[in-house]
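Open the model in your viewer and keep the selection tool at hand.

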Amino acid sequence: MRTATLSDASALATAPKGRSLWADARRRFFRNRAAVAGLVVLALIAAFALLGPWIAPWDYEEIDWAVLGSVETMGRPSLETGHWFGTDQLGRDLFARTVQGTQISLMVGIVGALIAVVVGTLYGSVAGYFGGRVDGAMMRVVDVLMSIPYMFVLILLLVVFGRSILMLFVGIGLISWLDMARIARGQTLALRGKEFVEAAIATGVHPFRIILRHIVPNLLGVIIVYATLLVPSMIIYESFISFLGLGVQEPLTSWGALINDGAAEMRNGTSWQLLFPLGFFVAGLFAFFFIGDGLRDALDPKDR
Amino acid sequence: MTAPLLSVEGLDVTFPVMPRGAWPWTKPAGLQAVSKADLVLQRGETLGLVGESGSGKSTLARAVIGTVPATGGRVMWKGRDVTALDPAGRRKLGREVQMVFQDPLAALNPRMNVGQIVAEPLATHTDLSAKERRTRVGEMMERVGLLPNLVNRYPHEFSGGQCQRIGIARALITKPELLICDEPVSALDVSVQAQVVNLLAGLQRDMGLSMLFIAHDLSVVRHISTRIAVMYLGRIVETAPAAALVADPRHPYTRALIASVPIPDPVRERARSRPVLEGELPSPLNPPSGCVFRTRCPIARPDCATARPPLVEEAPDHRVACPYHDRGGPV
Ligand SMILES: Nc1ncnc2c1ncn2[C@@H]1O[C@H](COP(=O)(O)OP(=O)(O)O)[C@@H](O)[C@H]1O
Ligand code: SF4
Ligand SMILES: [Mg+2]
């Protein structure tokens, strides 16, 4: 073997770091004010959901008997009673309930997006990479699942297996990955024609390794953007189900359920019951949209 | 006699293409990118493959490395038909045959750094430790003229010429026997073209490589090749030792190609009369009958439309697919 001082493994360990596309994207993202603001708002909401239970003077199930019956006057938001956001119609502390609802809504959104990212990306990239009959069969499955009215299926699931958070997640998991699979497949088809993929095939790299090392990392930009935008749509979706009275079960709650309750009492002069959850809902959705938008700009390879 | 390193025998590659606006159930038309191509490449030699853009050179190369399926004929590697191999057997060949691509940046995964890119064939075909791989990558990078401490950089941080060096390092790291270079310098600045060609020629000498070197004109190929094959619309029309092909071109298409290589001296360049190639390359979807070159051939005659002229050995190792080239005419 020839001596290669420069190329000694130890010398290479100190080689300077390169500027990866991810690092570039991160820099661009943090230059985008709206996106950073969205990130801050989201961090505050997450902190609210995580820390809320420790600071709330009331429990989310506890009924304040002193308030019951005269919620319009006694249940107002106030610092003295400890009901910072007021109470709901049953005299339960709205601050604690909003904390709890935020937890559920964020969880629904994030779980839905995660399922979409993992299942949808792998499913779509496998279909797109192998193409031909494999692709045809796999995408027909997606078409069929998409053509089923999912609301109907979800309602059926909830009726048959009873209302539970698990069923809600199952229902959301069943549909959330379908669009993602289509997106991943389309992008994979485009990537398959690229020469670096051809080089890997010619080298004899195993197809699954090509998918994981060459296809998926190049899909990730699009996937992340779409996933960020999928979170709010999952939250809206859950809210809608809760609005129909089929979502999470009392005493658990979610943004959608709280808004539903608040809206039902709107004419009784208890507007805080609607406004607090609605404020969180709107702020949360806007935060996700701004972040998604910022990510899209940051990851867009065009203006590099 | 031992079998040649690579021998392409009657290779056909036909792509199914849907005519524009066709119904989904209509049968796709066949685009013949390569038609009954024969090529032989001996160990240690450099075979140049020339032909204008769209003549099927890349497709032929892809059929050899197995990224497009051959629809007919055989690709013999050391006497073994590789088109008949199962996918796992085919993947093993990646250690022995490697390719350098035309677009240097597109051939590198933008999400991987140079070290990962160059090491991939090693990770695929050997079980060297990560440390040994790094050492080998460093050596290979030096060998292609890149500073080894650039291993952690990403492709977009390099110039076209440097990207092509990375591609060459990746192709050579498993010490393959055959290197296919598909127009490796066409996308580069003229000033770096010579550097990269010299690098390839040097590596070939040092590593005892055999090479299939593809280009769309003769200017580069004539210097680096031992033998040259000329391709037109998916057919091999002439093959000969490099010197013989340049000094004594026989097929009218080869003559036109040679005439189109500019002479460095501007005075002589302007003074010479050259038979310019008129018209466009016909569509491979609907090739002319008989000799496919007849639509542009200056000496075409009615007979040319009837049968495809076979590739005939007219001089030792000099094969031509035109029975009429020495019958006079305005060449
Ligand atoms: N994947 C493909 N599908 C359909 N047609 C193709 C495909 N690849 C190449 N072709 C066609 O085959 C012909 C030869 O192309 P190519 O091999 O790239 O030529 P060259 O490398 O000599 O420029 C062209 O007409 C091209 O359009
Ligand atoms: S066969 Fe006829 S058309 Fe073809 S190259 Fe010869 S003379 Fe020209
Ligand atoms: Mg080409």
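Start on chain A. Select A:Phe196, A:Val197, A:Ala200 and A:Ile201 in α9(A); they meet A:Ile210, A:His214, A:Ile215 and A:Asn218 in α10(A). Keep in mind that this is a predicted model. Now colour the contact of α9(A) with α10(A) by residue class: six residues are nonpolar, two are polar and none is charged.

Next, show both helices whole. Select residues 195-203 of chain A for α9 and residues 207-243 of chain A for α10. How do their axes cross? The angle is roughly 175 degrees, and the axes come within 11 Å. Angles over 145 degrees count as roughly antiparallel. Therefore α9(A) and α10(A) are roughly antiparallel to each other.

Move to chain B. Select residues 114-125 for helix α3 and residues 160-172 for helix α5. Their axes lie 6 Å apart, and the helices pack at an angle of about 30 degrees. That makes α3(B) roughly parallel to α5(B).

From α3(B), pick B:Val114, B:Ile117, B:Val118 and B:Pro121; from α5(B), pick B:Ile166, B:Ala169 and B:Arg170, which they meet. The contact of α3(B) with α5(B) has six nonpolar residues, no polar ones and one charged.

Last stop: select ligand 2. Where does ligand 2 sit? Look in the largest cavity. Then show the residues that surround ligand 2, all on chain B: B:His251, B:Pro252, B:Cys291, B:Phe293, B:Arg294, B:Cys297, B:Ile299, B:Ala300, B:Cys304, B:Cys322, B:Pro323 and B:Tyr324. Around ligand 2, 10 residues are nonpolar, one is polar and one is charged.

Note on methods. Residues are numbered from 1 along each chain as its sequence is written. Chains are lettered from A and ligands numbered from 1 in the order in which they are written. This is a predicted model: local features need pLDDT of at least 70, side-chain atom pairs count only at pLDDT 80 or more; totals for chains, interfaces and linings use all residues. Side-chain values use heavy atoms; hydrogens and water are left out. Axes are lines fitted to C-alpha atoms, for helices over the stretch in contact, and angles run from 0 to 180 degrees between N-to-C directions. Helices (H or I, at least four residues) and strands (E, at least two) are DSSP runs, numbered from the N terminus. Angles under 35 degrees count as roughly parallel, over 145 as roughly antiparallel, 65 to 115 as roughly perpendicular and the rest as oblique. Contact means heavy atoms within 4.5 Å. Ala, Val, Leu, Ile, Met, Phe, Trp, Tyr, Cys and Pro count as nonpolar, Asp, Glu, Lys and Arg as charged, and the others, Gly among them, as polar. A residue is near a molecule or strand if one of its heavy atoms lies within 4 Å of it. On a 1 Å grid over the protein atoms alone, a cavity is a set of points where a 1.4 Å probe fits but cannot get out, and a pocket is an open set with protein on both sides within 12 Å along at least five of seven lines; lining residues have an atom within 4 Å of a point. A molecule sits in a cavity or pocket if more than half of its atoms lie within 2 Å of its grid points.
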